[in-house]
Amino acid sequence: MDEQLAQKILAAVEEGFEEQIDFTEDLIRFPSLRGKEKPAQEFVHKALEARGYAVETFHIDEDKIKDHPGFSPVAVDYSDAVNVIATHTPRMEKGRSLILNGHMDVVPEGPHDMWEVSPPYEPKREGDWLYGRGGGDMKAGIAANIFALDALRRIGLQPAAKVHVQSVVEEECTGNGALACLVEGYTAEAAIIPEPEDEMLVRANTGVLWFEVNVSGHPVHVREAGTGANAIEASFRVIESLKRLTAEWNAEKASYPYFEELDHPINFNVGKIEGGDWASTVAAWCKLSCRIAIYPGDDPKDRAAQIEAHLARELADDPFLGNRPPEVIWNGFFARGYVLEEGTDAEKALAEAHRAATASELKSFVTPGYLDARVFVIYAGMPCLVYGPITENIHGFDERVSLSSIKRVTGAIALFIADWCGVEPIETEAAHG
């Protein structure tokens, strides 16, 4: 790219940055938890519409996606689960098309009194940090996508190719939001997702399985506890069995490129436990909500079957669970991992944009977490570049994102758009198109 143009684009990012952070703070104020994303999505719809884009908001239709190989099973109501897609159409299609994707859903914030800097949905700037639930994961990324395009408009330019700006739901639990966009027909020659990845490119990531384990007990009065069977205590034995399975899966890492050097690529977590009805009654039931990773290339169905078989085998001799095996229910992520092919034109373009915006070389790494990029890479055959700002404490207390990093990432995205899509002048009558 012409150096003078690159500097003009970066200066335009700088000029609009205060407005960009104000916009990010507005997004943080929406408690866009699962099932409650709609008000935030309506806000984004209006913001994109005000810029003159063709904007569509649509509900996830489970019937449309349930037979897709990338679908994850759900047991929640999707009536308020909406995606927002804004489309820029150039006057002349000269460059390469692009999807700018981000997710609006955030994870639960936990006890508010354990947030020390500011309440979770009251954004606060302190030094180089912007605090708030979802600020890093990933509302700063959604804003970066929008304001990268704004930077081009500020200097009278627009992409010379079709660009879809996507704000999706369900990234934190199923990936069905991004999948629904693909099934609706939104594709491109490349995609960018500004997830909080410390200004690095994700080379590969794990797939994820979500499941519940229902353990039944035998309730009796606590005075006769020895004659009953406590489902909560029995669930501990289920957890230990699943930890042993996790160790077995981690021992397989040498067979998976990019994962052989990671200490612990397969992580298992019990994120929620419920059980029992009465303090003086031996617990009759217990439900574990679990998450485990799988390697790229693994079929979720095969790994799910391994979990069920492992529990059946290990618990067969358990004095109680052997006669009353726990029930496994698949209730969320049923998602493959992916590997981003090295050396694509898209990656080269991002490396150049990153270099210009940060004065450093682009690094790549492997992450053991879920990313919606698997939808684009596996099911659309397109390079998806997961690349976003420096953050701390995502999914934890006092989540925060670096302001200076947001600016650098926004600059890199704007430069990438100009290079990948090409640019054309905005005509006066289409100044917001």
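This is a predicted model: local features need pLDDT of at least 70, side-chain atom pairs count only at pLDDT 80 or more; totals for chains, interfaces and linings use all residues.
Biologist: How many aromatic pairs does a search of the whole structure find?

Modeller: Rings of Phe, Tyr and Trp pair if their centres lie within 6.5 Å. Over the whole structure, the search gives a total of 11.

Biologist: Is the pair of Trp210 and Phe333 stacked or edge-to-face?

Modeller: The two ring centres are 5.5 Å apart, and the planes stand at 80°. Planes over 60 degrees apart meet the criterion. The pair of Trp210 and Phe333 is therefore edge-to-face.

Biologist: Which strands does this pair link?

Modeller: Trp210 and Phe333 are 123 residues apart, so distant parts of the chain are linked. Trp210 belongs to strand 10 (residues 207-216), and Phe333 belongs to strand 13 (residues 327-335). The answer is strand 10 and strand 13.

Biologist: Is Phe333 buried or exposed?

Modeller: Buried means under 20% relative accessible area. Trp210, at 24%, counts as partly exposed. Phe333 has 4% relative accessibility and therefore counts as buried.

Biologist: How many residues apart in sequence are the parts tied together by Tyr256 and Tyr295?

Modeller: Tyr256 and Tyr295 form a stacked pair, with 4.0 Å centre to centre and 5° between the planes. Tyr256 lies in the loop between helix 7 (231-250) and strand 11 (268-275), whereas Tyr295 lies in the loop between strand 12 (285-294) and helix 8 (300-314). The parts tied together are therefore apart in sequence by 39 residues.

Biologist: Which charged residue sits over the ring of Trp129?

Modeller: A charge sits over a ring only if it is within 6 Å of the ring centre. Here the charged end is 3.9 Å from the centre of the Trp129 ring, and it belongs to Arg400.

How values were computed: Residues are numbered from 1 along each chain as its sequence is written. Side-chain values use heavy atoms; hydrogens and water are left out. Rings of Phe, Tyr and Trp (its six-membered ring) pair if their centres lie within 6.5 Å; planes under 30 degrees apart count as stacked, over 60 as edge-to-face and the rest as tilted. Helices (H or I, at least four residues) and strands (E, at least two) are DSSP runs, numbered from the N terminus. Buried means under 20% relative accessible area, exposed over 50%, partly exposed in between (1.4 Å probe, protein chains only). A charge sits over a ring if NZ of Lys or CZ of Arg is within 6 Å of the ring centre and within 35 degrees of the ring normal.
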